[in-house]
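Work through the exercises below with the sequence and the model open. Try each task before reading its solution.

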Amino acid sequence: QGFSAMHSGAMKAGVLSELDKELLALAIGIAKHCDGCIGFHVKALIRLGVTREQLMETLGVCIYMGGGPAYMAAGEALLAYEEFTAAK
C-alpha cells in the first residue's frame, strides 16, 4: 500500500506530464536492466498515448547514456511496445 501511494504521488501530473514521468521511469528501468519495470512502464506509456517516435527518442537517449547494456534493455522495451500495441 505504501509503495502504491508513493507511485501515485510521484507519477501524477505536475510541472512534468504523466507521460514525461513515465518516459523517465522507463529510462531508469532500462538503466537498471529491470525487465519487470520495462514492461510495466511501456504498458503505462501506451495507455497514455505515447507515440513510437517519443519512445524511440527516449530509447536513443538511454543508449547514448548507457552504452551496450542499455542498447540490449532498450531492445526489450521496443519488443514490449510492439507486442503490447499489436494486442490492441
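## Exercise 1: Contacts and the core

Leaving aside neighbours within four places in sequence, Ala77 is in contact with Leu26, Ile30, Ile38, Val42 and Leu59. The model is a predicted one.

Task: Find which elements give two or more residues to the largest nonpolar core.

Solution. Step 1: the largest nonpolar core has 19 residues, and Leu26, Ile30, Ile38, Val42, Leu59 and Ala77 touch the most other members. Step 2: two or more residues come from each of helix H2 (18–31), helix H3 (35–47) and H4. Step 3: H4 provides the largest share of this core, ten residues. As background, nonpolar side chains in soluble globular proteins tend to be buried together.

## Exercise 2: Helix H2

Task: Compare the reach of H2 with its expected span, then state which of its residues are buried and what covers them.

Solution. Step 1: H2 has 14 residues, and from its first C-alpha to its last it reaches 20 Å, close to the 20 Å expected at 1.5 Å a residue. Step 2: the buried residues in H2 are Leu19, Lys21, Glu22, Leu23, Ala25, Leu26, Gly29 and Ile30. Step 3: their cover includes helix H1 (2–11), H3 and H4. Step 4: His33 follows H2 and has a positive phi, near 60°.

## Exercise 3: Buried or exposed?

Task: Classify His41 and Met65 as buried or exposed.

Solution. Step 1: His41 lies in helix H3. Its relative accessible area is 10%, under the 20% limit, so His41 is buried. Step 2: not counting residues up to four places away in sequence, His41 touches Glu22, Ala25 and Leu26. Step 3: Met65 is in helix H4 (residues 52–86). Its relative accessibility is 63%, over the 50% limit, so Met65 counts as exposed. Step 4: Met65 also makes a nonpolar surface patch of about 400 Å² with Val61 and Tyr64.

## Exercise 4: Salt bridges

Task: State how many salt bridges the structure holds, and describe the accessibility of the partners.

Solution. Step 1: there are two salt bridges. Step 2: Glu18 pairs with Arg47, with the closest N and O atoms 3.6 Å apart. This pair links distant parts of the chain, Glu18 in helix H2 and Arg47 in helix H3, 29 residues apart. Step 3: Glu18 is partly exposed at 29% relative accessible area, whereas Arg47 counts as exposed at 57%. Step 4: Glu82 pairs with Arg52, with the closest N and O atoms 3.3 Å apart. Glu82 is partly exposed at 36%, and Arg52 is partly exposed at 34%.

Methods
Residues numbered from 1 in each chain as written. Predicted model: local features only at pLDDT ≥ 70, side-chain atom pairs only at ≥ 80, totals over all residues. Heavy atoms only, no water. Patch = residues over 30% accessible without salt bridge, like charges linked within 9 Å, V, L, I, M, F, W, Y side chains within 5 Å. Areas by Shrake-Rupley, 256 points an atom, 1.4 Å probe, with all protein chains shown as cover. Salt bridge = Lys/Arg side-chain N within 4 Å of Asp/Glu carboxyl O. Helix = DSSP H or I, 4+ residues; strand = E, 2+ residues; numbered from the N terminus. Buried < 20%, exposed > 50% of the residue type's maximum accessible area, 1.4 Å probe, protein only. Core = buried A, V, L, I, M, F, W, Y, C linked by side-chain atoms within 4.5 Å. Contact = heavy atoms within 4.5 Å. Expected span 1.5 Å × (residues − 1).
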